[in-house]
Amino acid sequence: MPVDLSLYLVTDATPAILKGRDLCEVVESALEGGVTVVQYRDKFNDTGVQIEIARKLHQITKKFNVPLLINDRVDVALAIGAEGVHLGQDDMLFEQAKRLLPKDAIIGISASTIEEAQKAVADGADYLGIGTMFATATKTNTKNVIGTAGTQAILDAIKDSGVGTVSIGGINHSNVQRVIYQSQSAKKGLDGVAIVSAIIAADDPKASAEKFVELIKNPPRFA
Ligand code: TZP
Ligand code: MG
């Protein structure tokens, strides 16, 4: 079954972003608001804690029938039986992850260049996380801020592949329609947007997700 990538939530486990709240509660609230995929991304906790959190998150995502993907850590995904992983260019190679994970596991790959995107497509990635769209405080060590032009170039280069795509980096309520609308002028539009702080750090993650759903499904007013 193809994954609905339309509102793809990426977590952050740093206390400043969580503002003292429990990550699982924040994610549950976001799911109530309409998030369609959850990626557990945790650069803060050690492996044992990550496995514990991932297991709790999986109980929650299963209630919503939403896939849980694990960032970076194929071992954590295997330990809890997550639906898949998301791997960056410096993480485990696609073919190694493919060998370790169950046959039907979802494997997403980050791409910031046409070459990276074409390689991921040739490898057999299920979807691409394309970015960084806009500079963001959430991830300051990004190689490339590629903007809408760079994103369109990647989308055009892989348009015939049928591989899913999400844009990531600095996407919020004010720019999400621009991101989606501008990508529609590419030969293959985006399948969704990946969001960290605009949902995870929101005062009301459910309301934030609801607003994203509304903005995504309605055509942009400035078109
Ligand atoms: N990869 C590229 S940008 C980014 C990641 C994980 C962080 C995006 O965070 P935010 O808060 O949605 O800008
Ligand atoms: Mg990574």
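Q: Hello! In this predicted model, are α2 and α3 roughly parallel or oblique to each other?
A: Two packed helices are described by the angle between their axes and the distance between the axes. Here α2 (residues 23-32) and α3 (residues 47-63) pack with their axes 10 Å apart and at an angle of about 20°. Angles under 35 degrees count as roughly parallel, so α2 and α3 are roughly parallel to each other.

Q: Good start. Is the crossing of α2 past α3 left-handed or right-handed, and which residues of α3 make the contact?
A: The crossing of α2 past α3 is right-handed. On the α2 side the contact uses L23, C24, V27, E28 and L31. On the α3 side, the partners are I53, K56, L57, I60 and T61.

Q: How many nonpolar residues does that contact of α2 with α3 have?
A: Sorting the contact by class gives one polar and two charged residues. The nonpolar class of the α2 and α3 contact has seven residues.

Q: Let's turn to α7 and α8: are they roughly parallel or oblique to each other?
A: The axes of α7 (147-157) and α8 (residues 176-184) lie 9 Å apart, and the angle is about 45°. Roughly parallel needs an angle under 35 degrees, and roughly perpendicular needs 65 to 115. With about 45° between them, α7 and α8 are therefore oblique.

Q: What classes do the residues in the contact of α7 with α8 divide into?
A: α7 passes α8 in a right-handed crossing. T148, T151, Q152 and L155 of α7 meet V179, Q182 and S183 of α8. By class, this contact has no charged, two nonpolar and five polar residues.

Q: N65 is a residue other than glycine; what is its phi, and is N65 buried or exposed?
A: Most residues other than glycine have a negative phi. N65, in the loop between α3 and β3 (68-71), has a positive phi near 55°. N65 has 8, so N65 is exposed.

Q: D72 is not a glycine either; what is its phi, and is D72 buried or partly exposed?
A: D72 sits in the loop between β3 and α4 (74-80), and its phi is positive, about 70°. Being buried takes 20 or more other C-beta atoms within 10 Å. D72 has 19, so D72 is partly exposed.

Q: How many Å separate the C-alpha atoms of D75 and V193?
A: D75 belongs to helix α4 and is partly exposed, with 14 other C-beta atoms within 10 Å. D75 and V193 are 118 residues apart in sequence. From C-alpha to C-alpha, their separation in space is 26 Å.

Q: Leaving aside neighbours within four places in sequence, which residues is I17 in contact with?
A: I17 is placed in helix α1 (residues 15-18) and is partly exposed, with 18 other C-beta atoms within 10 Å. Beyond those sequence neighbours, I17 is in contact with D12, S197, I200 and A201.

Q: Finally, which residues are the closest to ligand 1?
A: The shell around ligand 1 has six nonpolar, eight polar and one charged residues. In total, 15 residues surround ligand 1. The closest are T136, T138, G169, V196 and S197.

Notes: Residues numbered from 1 in each chain as written. Chains lettered and ligands numbered in written order. Predicted model: local features only at pLDDT ≥ 70, side-chain atom pairs only at ≥ 80, totals over all residues. Near = placed C-beta within 6 Å. Nonpolar A, V, L, I, M, F, W, Y, C, P; charged D, E, K, R; others polar. Axes fitted to C-alpha atoms, helices over the stretch in contact; angles between N-to-C directions. Helix = DSSP H or I, 4+ residues; strand = E, 2+ residues; numbered from the N terminus. Parallel < 35°, antiparallel > 145°, perpendicular 65-115°, else oblique. Left-handed = near helix turned anticlockwise from the far one by under 90°. Contact = placed C-beta atoms within 7 Å. Buried ≥ 20, exposed ≤ 12 C-beta atoms within 10 Å, placed from the backbone.
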